[in-house]
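Let's take a walk through this model together. Keep the sequence and the 3D view open as you read.

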Amino acid sequence: MRYLAPVCFFIFAAILVAVPLTAGNEYELRLFMLFLIYGIIAVGLNVLVGLAGLVSLGQAGLFALGSYSGAILSTRLGFDIVGSCIGAAIISGLFGVLLAYPTVRVRGVYLAVVTIAFGIIVENVAIEWQSLTGGTTGLSSIPKPNILGIRLSGFAFYGVLAVTLFVFTLLIHNLKISRFGRTMLAVAQSETASRALGINSTGLRTLAFVISAVTAGIAGTFYSFLNSYISPDIFTFSDSVRFLLMVILGGAGSTFGPVIGAYLLTYLPEYLQQFQLWQKFAYGALLLVVMFALPRGIVGTLQWAFNRLRPPAPALAATEGLPVETTLRHEKKMLAAELVATALTVRFGGLSALSNASLRVKGGEIHALIGPNGAGKSTFVNTISGFYRPDEGRCELDGVELTGRRSLDIARLGLARTFQNTELFGEMSVLENVMAGYDQRLTYGLTQALLRTPKMRREERECRQTAIGLLAFVGLSQYANEEARFLPFGLQRRLEIARALAGRPRLLLLDEPAAGLTTQEIDDLEAMVRRIAALGVSILLIEHHVDLIMALADHVTVLDYGQVIASDNPTAIQDDPRVIEAYFGAPLDRAAAVGAGA
Amino acid sequence: MTTTIQYILSGLAIGGIYALVALGFHIMWSAARAVNFAHGDTLMLGAVLAVVGVDAEIPLPIACLLGIIAGAVFGVLLERFAIRPFTATSNSIGWMLTTIAVGVMIESLATLQFGGFSRPLASPGVKSAVHILGAGVYPQELAIPVFALLVMFGLKLMQRHTLVGRAMQAVAHDKRAAALMGINVNRIVAFSFALASLLGAAAGVLVAPVIQVSASMGALLGLKGFAVAIIGGITSAPGVVISGLCFGIMEKFVEGYISTAAREIIGFSVMILVLLAFPHGLFGKREVLKV
């Protein structure tokens, strides 16, 4: 299994070398070169669709942008093929950033329509801007490909295309198995959880868009050199659909799937030509069949079948991991993780979910926040962790202001949280979930990820070992390779705690961790919280379960109707009349007294 | 002055078509949180079948009716077999691509049967033009925006006063709760798609006499209808109708003063800008993010 990827890349390289040697005539070679160009687009689009989970139906627009940029740079300014490619990559990359911007606010079908609209806009700008693009007649007499004035022969140009596709496939494979691929998948599955782990979802989406735009732009330049003629009607909506279909047919998210998809969809229209008028119909039918019969794509289905057939992966040996004591413990002098929330007020419309609530979690303590349903506990947690903006008041962690910061920055300051309804990255493995939580501690950048430098490998190894150690800590070692969504509910809660701890937080917010657990599981949870606190992590525990709170908490704060009604040690809280009233209503004699007074 | 009136009146006509298409998207989205990307082809289907019907010497009103009914059946089938299997997944890519696939197939089938050329549908609404303040329009063109407004008010009345209308609103609000109240959610969704497709096909029949009928007429009209739904806010019926009419007028002015290509550039740019500034559309409801 370890050697699968290198073997596949070797076979791929062998095929790329063998094809020109066996090609019967120039037409055959030309068609194969067209496949290489489509392959470049599909491999780049795969980052967007397969990893970041975003749908683009405007890839033909970016392809057109690259084609026109390359063609104009070479005909007007005499750029060679390298210069044209760089120019086209820059221009389409900028438009990639522009297209990524809407994803801050909209996704799914809205984003798809934005990309469709973008494609139509590009097509019509190409028609309208006649002085630059030649209007509907397009641009002809694009020079033959050359480098620094030396003309490339057919085979040399083939070599350029083949090397480009091979290198892009390899680089994107490296990206996929780095922190970038992992966090893109995480963001696609739960944006909320990603933000709480300090993952920059906007940055990752922009990166995915830029990669898919740059590859489409370069492919476009190659296309204009290959065809030496371009016009607006080459870049239509149906081409965008075709590019997307290449990725899905081959297998979104897989390394070689898009290449296979591009190959099939380059040669299929040639084959379908014999059906003439039925060609388009057959094309639509194929799309339909793929969606129903092969939703994972060819490579995805093969992988799935392979995984079902082979014996389950052996559970990870705990010795592979680093003990949490070495990876999570905080220095004694760092123990001052103190959370201070002062007079927080949050209003939804006319309703005050929190009014003037203050709370102080001292360093190293287990602080419980309790209150009846609707008291504002979850609002409080969401406000501290940056998901809601308080209307008034402020909070700080160790003297650093948290109010007004994004949740991902708050997470990076050392505040980790879990969710009342678990927010796991369901389709990722248990181990990968924890490794995604470790992401904020990784320092290697994009270039290092693409080139797999020693630093990147070392950090990844540490990340993996820490994650394995954490799984041992929460007792999930044997499930490390399972998909997170298949875990039973109680174990999902533990996994969420492990993932939150992976970032080495100073303060951990547990939002109703005992909800839905069995008595046995609650006892385990109690022991686990104690061990976490022993590592020097302050804990704010939001809970209903009185036994658990009395057993664990150093200090208890009680919320009711958005206000703090008591804050003291557990025994004092148990006897506090206001707390009893909030939970059980007014005692009978007092109610009678109130009744008599009225 | 005459030109201005002319642009406004013909803009209202095409805007009425956008409004009807967008209302269809509104109804589908409310019911299923999914739409039919081949909705433009529903419109085409209505128009093409009406023309084919007239060719076969079926009287015009019956031909139109047949076209509209066929459109509704198409919508129901599409929802059942292309959309419903994919709405369970969080990702919208499934039903987007299946409906696009069906659209491609229907369009090529229509091309095979109807030929690749455009034809008008004869209608009493375009026999002679009427003149309003010097601007000449066909009665048919005046009828379209009026029809769109009537449909909007009709929809409102139905949602307020009929059982099925109230069930539609319940499903739009919360599917699971609606199901627990004994509403057959699948049937309501199917009904919604039937209604939406009925309106789409009716828009096709209405616009057929004004513009030429062809197998490829649906794609762009459908897309612009969706753009209008986004601009107006897909959750608001009056919102999409108002933006549809305004969008139509804007298009006519851009087309008149600049060019057809500029019409598409400006139209879709407006959509993207509105979406950036108002993610829920100009009149749409804001959905609160819950963690």
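This is a predicted model: local features need pLDDT of at least 70, side-chain atom pairs count only at pLDDT 80 or more; totals for chains, interfaces and linings use all residues.

Residues are numbered from 1 along each chain as its sequence is written, and chains are lettered from A and ligands numbered from 1 in the order in which they are written.

Let's begin with chain B, whose secondary structure amounts to 11 helices and 2 strands; helices (H or I, at least four residues) and strands (E, at least two) are DSSP runs, numbered from the N terminus. Read from the N terminus, the order of elements is α-α-α-α-β-β-α-α-α-α-α-α-α. The radius of gyration of chain B is 19 Å, close to the 19 Å that the globule rule gives for 291 residues, so chain B is as compact as a globular protein of that length. Here the radius is taken over C-alpha atoms, and the rule is 2.2 Å times the number of residues to the power 0.38. The C-alpha trace of chain B spans about 55 × 45 × 35 Å along its principal axes.

Now zoom in on helix 2 (residues 39-55) and helix 3 (residues 60-83) of chain B, which pack at an angle of about 145° with their axes 8 Å apart. Axes are lines fitted to C-alpha atoms, for helices over the stretch in contact, and angles run from 0 to 180 degrees between N-to-C directions. Residues in contact have C-beta atoms, placed from the backbone, within 7 Å. Among the residues that meet are L45(B) and A50(B) in helix 2 of chain B, and L66(B) and F74(B) in helix 3 of chain B. By class, the residues of this contact are 12 nonpolar, 6 polar and no charged. Ala, Val, Leu, Ile, Met, Phe, Trp, Tyr, Cys and Pro count as nonpolar, Asp, Glu, Lys and Arg as charged, and the others, Gly among them, as polar.

Over in chain A, look for an open sheet of 6 strands in the order 8-9-10-5-11-12, with mixed pairing; two strands pair if DSSP finds at least two bridges between them. Its edge strands are strand 8 (415-417) and strand 12 (563-568) of chain A. Strand 5 (residues 366-370) and strand 10 (residues 538-542) of chain A pair in the parallel sense over 4 bridges. Helix 25 (residues 577-584) of chain A lies across strand 11 and strand 12 of chain A, at about 130° to strand 12.

Within strand 11 of chain A sits V558(A). Because V558(A) has 23 C-beta neighbours inside 10 Å, it counts as buried. Leaving aside residues up to four places away in sequence, V558(A) touches I370(A), I565(A) and V579(A), among others.

Finally, where do the chains meet? The contact takes 32 residues from chain A and 33 residues from chain B. Helix 5 of chain A gives the largest share of the chain A side, 14 residues. That side has 23 nonpolar, 6 polar and 3 charged residues.

Definitions and conventions: Two residues are in contact if their C-beta atoms, placed from the backbone, lie within 7 Å. A residue is buried if 20 or more other C-beta atoms lie within 10 Å of its own, exposed if 12 or fewer, and partly exposed in between; C-beta atoms are placed from the backbone.
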